[in-house]
Amino acid sequence: MLYQLHEMQRAFLTPFAAFTDAGSQLFSSPYSPLAYTPISRQMAAGYELMTRIGKEYQKPAWNLPTTEIKGKSVRVIEGVAMDKPFCRLLHFQRDVRHAGRDDPKVLLVAPLSGHHATLLRDTVRALLPAHDVYVTDWVDARMVPLSAGPFHLNDYVRYVQDFIRHLGPDVHVISVCQPTVPVLAAVSLMASANDPCQPRSMVMMGGPIDPRQSPTQVNRLATTKPYAWFENQVIHPVPPRYPGAGRKVYPGFLQHAGFMAMNPDRHMKSHYDFYLDLLRGDDSDAEAHRRFYDEYNAVLDMPAEFYLDTIRMVFQEFQLPNGTWEVDGKLVRPADIKNVALFTIEGELDDISGQGQTRAAIKLCKNIPAERKMHYTAPNCGHYGIFSGRRWREMICPKIAEFIRQSA
């Protein structure tokens, strides 16, 4: 019922957003006489702010048409390397015919935790000049028909294994946040089976390998509420107008409300600053705000089975560090990994995955030789700064590139 109410609200707000958008254009377009009235800038700014608060945000485009290699602009073609019901494996293929490069192949495993994979656009952009990049692009669960069946956390593990096998044993796997857990499980099971397609290396960034370490607000929510609370309060069926009608999901709009509730003061200030930037005519800061919230406000529905499994197995029962996780009757044992290099990365100020949660993989993978294991804590770096922004580009990405080449 809650999802239906949200759809009704969205239907009401859509014409309102269209009206305010038209108003903003009337008071800002150089071809409109209203743009030259004394309060035109205030009216345009107010209307645009209302539009951005009321409109529905669609999945953003990757918008990565080129990269730069050895000072030359090189064309990038976005293609689908593998298509599965809940995920597409994208390949950002560079036209390197004249560059003569044979760069390492990288599988970037994006989170399935509310936002679209395009949240990692800056991650991909920084990797492209020196790597052959593949990315998991998760599908909004409301767009997946019921005929595709359920999607559990163990299915995520199988997807990762399928992608690794598709790319071959020379691939390097980078996981950001939530997927560090299923990636470690996938590689552990491949190592247990002596799978010849085990990756060369794993880079794990800001993920809840062991959420008992430095628990954050996210971790505390999962442990203070019983499993039944999540099952009864946040899981809802998809309304009829979508291809996935009837599928039970954790709706994106509820996730977005949770994101905003974590730092309401910061978001309110950001929107007020945006209004002031529009009044001052500070186009660069205003555009930066638009880009950030176009991404931040675009959310997807998660399959209920996957979300509830993650709550129970990862955040309540700690099955990975406790050694009790089974996939298809086989125990997940990170200690079985011996030939895959491991690099864990944390942010000093991460308020999503606290310090020590990702580094726990170093201890769990006890049979990887010490010289093939590394850890780095990025100073003055929050969760998003690990994979996006100046610190990512200048401090973290170069370390990953060096580690990958040493592990090739």
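Which two domains does the second largest pocket lie between?

1. **Basis.** This is a predicted model: local features need pLDDT of at least 70, side-chain atom pairs count only at pLDDT 80 or more, and totals for chains, interfaces and linings use all residues. Residues are numbered from 1 along each chain as its sequence is written, and side-chain values use heavy atoms, without hydrogens or water.

2. **Pocket position.** Domain 1 (1–54) and domain 2 (66–407) both give residues to the lining of the second largest pocket, so the pocket lies between them. The domain bounds come from an automatic or database domain assignment. The volume is about 850 Å³. A pocket is an open set of points on a 1 Å grid over the protein atoms alone, where a 1.4 Å probe fits, with protein on both sides within 12 Å along at least five of seven lines; lining residues have an atom within 4 Å of a point.

3. **Pocket lining.** The lining of the second largest pocket has 36 residues, and Arg10, Glu56, Tyr57, Asn297 and Val299 are the closest to its centre. Two or more residues each come from α1 (2–26), α2 (40–54), β5 (132–138), α8 (252–262) and α10. Helix α1 gives the most, with 6 residues. Helices (H or I, at least four residues) and strands (E, at least two) are DSSP runs, numbered from the N terminus. By class, the lining has 14 nonpolar, 10 polar and 12 charged residues.

4. **Helix α10.** This helix covers residues 283–296, 14 residues in total. The expected span is 1.5 Å times one less than the number of residues. Ala286, His289, Arg290, Tyr293, Glu295 and Tyr296 are its buried residues. Buried means under 20% relative accessible area, exposed over 50%, and partly exposed in between (1.4 Å probe, protein chains only).

5. **Cysteines.** The structure holds 0 disulfides; a disulfide is a pair of cysteine sulfur atoms within 2.5 Å. The sulfur of Cys197 is 18 Å from the closest cysteine sulfur, in Cys87, too far for a bond. For Cys397, the nearest cysteine sulfur is that of Cys381, 13 Å away. Cys197 is buried at 17% relative accessibility, and Cys397 is buried at 6%.

6. **Positive phi.** Most residues other than glycine have a negative phi. Asn63 has a positive phi, near 50°. Asn63 sits in the loop between α2 and β1 (66–69) and is exposed at 58%. Asn194 has a positive phi of about 55°. Asn194 lies in the loop between α5 (180–192) and β7 (201–205) and is exposed at 63%.

Conventions
Grid points are joined across faces, edges and corners, and a volume is the space filled by probe spheres set on the points. Ala, Val, Leu, Ile, Met, Phe, Trp, Tyr, Cys and Pro count as nonpolar, Asp, Glu, Lys and Arg as charged, and the others, Gly among them, as polar.
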